4 protein chains.
Amino acid sequence: MANSKYEYVRAFEQPDVLLPNTWIVVRIDGRGFHGFTTKYKFKKPNDARALELMNAAAEGVMRELPDLVVAYGVSDEFSFVFHKDCTLFERRASKLTTTIVSTFSSYYVYLWPKYFPDTPLTPPLPSFDGRAVVYPSVRNLRDYMSWRQVDCHINNLYNTTFWALVQLGGMDAQAAEKELTGTLSADKNEILFSRFKINYNNEPEMFKKGSVIFRDSPLSHPLDDAGFPQPLSKTATEKDRKRRVKARIVVAHIDIIKDEFWAARPWILSGKAP
Amino acid sequence: MANSKYEYVRAFEQPDVLLPNTWIVVRIDGRGFHGFTTKYKFKKPNDARALELMNAAAEGVMRELPDLVVAYGVSDEFSFVFHKDCTLFERRASKLTTTIVSTFSSYYVYLWPKYFPDTPLTPPLPSFDGRAVVYPSVRNLRDYMSWRQVDCHINNLYNTTFWALVQLGGMDAQAAEKELTGTLSADKNEILFSRFKINYNNEPEMFKKGSVIFRDSPLSHPLDDAGFPQPLSKTATEKDRKRRVKARIVVAHIDIIKDEFWAARPWILSGKAP
Amino acid sequence: MANSKYEYVRAFEQPDVLLPNTWIVVRIDGRGFHGFTTKYKFKKPNDARALELMNAAAEGVMRELPDLVVAYGVSDEFSFVFHKDCTLFERRASKLTTTIVSTFSSYYVYLWPKYFPDTPLTPPLPSFDGRAVVYPSVRNLRDYMSWRQVDCHINNLYNTTFWALVQLGGMDAQAAEKELTGTLSADKNEILFSRFKINYNNEPEMFKKGSVIFRDSPLSHPLDDAGFPQPLSKTATEKDRKRRVKARIVVAHIDIIKDEFWAARPWILSGKAP
Amino acid sequence: MANSKYEYVRAFEQPDVLLPNTWIVVRIDGRGFHGFTTKYKFKKPNDARALELMNAAAEGVMRELPDLVVAYGVSDEFSFVFHKDCTLFERRASKLTTTIVSTFSSYYVYLWPKYFPDTPLTPPLPSFDGRAVVYPSVRNLRDYMSWRQVDCHINNLYNTTFWALVQLGGMDAQAAEKELTGTLSADKNEILFSRFKINYNNEPEMFKKGSVIFRDSPLSHPLDDAGFPQPLSKTATEKDRKRRVKARIVVAHIDIIKDEFWAARPWILSGKAP
């Protein structure tokens with residue numbers, strides 16, 4: 001039996017190849033996580049186990065997709081970055097996006113018992129949505145990353161103060177919200193310190209900075225004058241790919257806005273090296 | 001600290017709203033399932049436990065997304081259909097696609113131990129990719145569904161014969177493949193029956209027909225002259241939505257190419273009824 | 001000299017094929033026509049010569065593109081409709097849109113001296129922009145056409161009253177605008193009649209209804225029971241295509257909202273007949 | 001009368017904003033120009049009047065759209081480049097593309113009598129199609145421009161030789177085509193010289209190099225160390241915009257593949273200067 005009679009329906013598929021020579025960011029977000037965190041009694045304003053589970057799932061994604069060069073996570077979201085030269089799945093947006101979301105979801109459910117041993121998952125299950133955005137320049141990409149980390153800071157300072165007012169100050173949610181309306185960063189720091197003896201600077205780095213994940217692959221070959229790894233021969237490139245697969249994956253809670261992070265790890269954006 | 005300096009990066013997000021008044025099909029596929037089935041020693045040509053796990057995961061998706069009207073699965077793929085009037089996530093392709101893929105993946109991993117109690121999952125974990133396609137007419141949509149079911153038949157007849165030659169006939173893969181080159185359906189039926197006493201018609205329906213999943217929601221209100229449910233008042237619509245959420249989800253292994261299946265269940269494509 | 005070194009830039013071209021089985025509407029609009037009408041002293045609220053030039057240019061487009069089934073124009077805009085089965089330029093949006101805009105512009109400039117013999121064009125020249133929109137159903141398409149014709153009516157009634165107040169009533173623009181704020185159709189009819197003895201119903205049909213352009217191709221072959229032309233043999237289809245090319249093109253100023261127009265000309269949307 | 005009943009059709013319009021921070025190239029091509037050049041007896045292999053008409057039309061486009069930074073034309077095609085920072089029409093692809101195609105067509109028809117005074121246009125009229133492509137980097141953009149100029153060279157050498165064989169050598173088209181099959185550039189130069197005493201290097205530059213069009217706007221303010229114009233104050237930017245509008249538009253037939261052209265005119269790609 002031939003299938004030709006119905007096969008015309010394939011003509012309705014529309015291509016979604018992402019523009020070449022652009023950085024691809026896939027950001028995923030927990031779906032309905034407000035209810036989810038309530039159901040599983042996540043600690044407020046931050047639940048370290050939940051964040052570590054997010055990081056572990058992201059690590060799983062990084063391991064299964066060696067084309068990813070860096071990822072950044074905060075709260076129930078994670079951003080994964082493919083190099084601008086990436087040709088995985090011919091750069092088809094839906095393939096890239098769904099593969100990351102699917103792999104992340106699988107790890108999240110798979111690893112759940114390790115981080116929440118006493119709280120088994122029950123349906124409805126956790127899920128994530130995602131989307132791809134492309135950025136033409138390193139400047140745009142780094143500004144994207146900075147945007148997420150600034151957001152992390154703003155939200156975490158707000159949430160830390162809000163929950164201090166509620167949990168330590170005995171306010172209800174509405175009163176706390178009202179108290180914070182119009183306040184600046186300095187005001188929130190002041191509230192935390194003067195009323196609750198909390199020095200925001202001493203809060204855990206993971207809460208303040210979020211989590212950046214990358215491969216620990218010091219360059220094994222010379223940099224050119226501009227500080228970028230030199231082009232590699234074909235053999236060297238293949239060898240490097242293998243090393244990238246094997247490279248240790250690092251989770252860090254540090255500033256990615258300033259130049260230091262990127263300057264110290266030229267292989268992340270060069271995409272040429274291990 | 002304001003976030004305005006970096007927020008410009010949002011302007012790079014490109015909209016992906018699917019055309020209104022079209023049927024949305026999200027098809028997902030197992031990623032690298034050839035290796036996966038080997039790793040977990042799935043039975044060939046069909047592993048009933050694996051198919052039932054697929055169906056159970058799809059059922060989870062149908063339950064969590066009441067906007068879905070029908071789904072059809074075969075092998076490691078599943079197609080989910082949103083009604084042409086669907087407005088979930090404002091019809092954004094990436095939201096719809098990733099949510100389905102994520103929810104499916106979560107259920108697949110979550111339910112794995114129930115179907116494979118003796119074979120724990122280990123990384124790399126199973127994952128799925130997916131894409132959305134829209135169809136303007138019911139004819140196009142039904143032709144899509146028919147396409148998948150014809151594909152199921154063609155592949156299953158081939159695989160059943162191939163594995164009979166290998167498992168029962170003692171051929172190696174290459175010899176079996178060569179034996180089948182150029183054969184028609186009748187030839188394969190003949191090989192199965194004359195050499196191995198297998199009547200293909202007696203094979204399990206799930207293998208031959210795949211699995212269609214829908215809500216069992218007999219109409220509770222009159223049809224119009226053309227056999228379609230009559231328009232409902234606003235109250236009735238809301239009431240119906242609730243019933244749809246509660247409706248029993250049915251997994252069946254039956255023909256969806258002919259008119260019978262659809263004619264007997266007018267609520268599936270009408271989208272107006274429970 | 002081979003061109004391969006630079007040819008990679010073709011990979012940046014992104015496909016823009018319009019969804020099959022949908023009606024394609026290309027609407028074009030005069031660019032900066034407010035200033036243009038002032039420069040060439042168009043009569044207000046309507047300049048018959050200018051509208052007839054628009055219609056003549058649209059007729060040129062219809063003649064050069066036999067795939068077009070109908071067009072509708074009002075003021076400085078025109079909407080051109082391709083049949084849902086159209087495969088011209090493989091349904092590439094940019095090809096379809098630019099070809100229509102270009103052909104229209106060429107005719108507009110070419111025919112200008114015929115309609116404005118005493119007012120030669122000078123740079124900057126008239127130009128038009130355009131876009132394609134697809135509609136899945138005949139209902140959607142006809143609602144689109146109705147939308148434009150209702151818009152024609154609303155604007156023309158407003159403009160007729162506004163310019164009567166200015167030209168006949170001696171008001172300045174601001175006063176006229178203020179006078180009309182919040183008025184209903186009945187109010188405007190009343191102003192026209194009681195103050196200026198203008199019966200809006202007697203205004204020219206071209207001003208009130210806009211212009212619909214179609215091929216005058218009475219069916220030469222039997223309709224089926226539903227009133228649609230019967231499917232044609234391949235020879236008959238080719239013969240019909242030729243007749244469509246030769247068919248007289250009609251410009252009419254009539255209602256296209258009600259069923260009558262379409263029912264009397266089944267070949268327009270059937271797309272099967274001459 | 002309200003228009004709300006039909007206005008829902010606007011929801012079918014799909015956005016087509018081009019990615020920010022990318023160079024926009026709109027390339028237009030003559031539609032069916034093979035027949036067109038025959039109808040109007042264009043000289044082969046190049047008709048100088050026809051090319052000058054193309055250039056004059058392109059100049060009109062450049063003049064009406066000050067956002068354009070450079071254009072390059074060959075044969076019946078022209079590529080127009082918007083700066084990567086361009087925000088004209090909110091970067092909507094269809095607006096940008098149709099406006100260019102429309103303006104070009106208007107000028108082509110308008111200027112026709114100046115270049116072909118003895119050959120009036122008759123329907124069907126000349127028309128052009130067009131499409132937009134975006135390039136993330138200056139490298140990509142320049143490679144695009146180089147691609148077109150290399151194409152110009154390859155085609156012109158071929159055509160010059162082909163028509164020499166036909167017009168001077170008395171061959172028919174098929175014989176000339178066969179003669180040229182498999183020949184390299186050197187072979188064609190040799191044929192031209194040895195058989196027809198034609199030194200290809202002496203052919204007109206417009207034929208060999210095509211036409212590049214840009215604004216003659218020497219920088220009036222200092223360059224930074226990298227040779228780029230320094231950022232301007234807001235007042236200076238506005239002043240510069242005005243100068244860009246007034247700048248003389250230059251048509252040149254020179255190499256745009258090597259660095260010289262661009263290095264000598266830093267304002268073209270900097271987009272910051274007059």
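Predicted model: local features only at pLDDT ≥ 70, side-chain atom pairs only at ≥ 80, totals over all residues.
Visitor: Which residues of H7(C) are called buried?

Guide: Buried means under 20% relative accessible area (1.4 Å probe, protein chains only). In H7(C) these are C:Lys188, C:Ile191, C:Leu192 and C:Phe196.

Visitor: What makes them line one face?

Guide: Directions from the helix axis to the C-beta atoms give the arc. The buried residues of H7(C) fall within an arc of 95° seen down the axis, so they line one face. They pack against helix H5 (138-168) and helix H6 (173-180) of chain C.

Visitor: How many residues of chain A and chain D are in contact?

Guide: Contact means heavy atoms within 4.5 Å, and 8 residues of chain A meet that with 8 residues of chain D.

Visitor: How many salt bridges count between chain A and chain D?

Guide: A salt bridge needs a side-chain nitrogen of Lys or Arg within 4 Å of a carboxyl oxygen of Asp or Glu. The count between chain A and chain D is 0.

Guide: Residues are numbered from 1 along each chain as its sequence is written, and chains are lettered from A in the order in which they are written. Local features need pLDDT of at least 70, side-chain atom pairs count only at pLDDT 80 or more, and totals for interfaces use all residues.

Note on methods
Heavy atoms only, no water. Buried < 20%, exposed > 50% of the residue type's maximum accessible area, 1.4 Å probe, protein only. Helix = DSSP H or I, 4+ residues; strand = E, 2+ residues; numbered from the N terminus.
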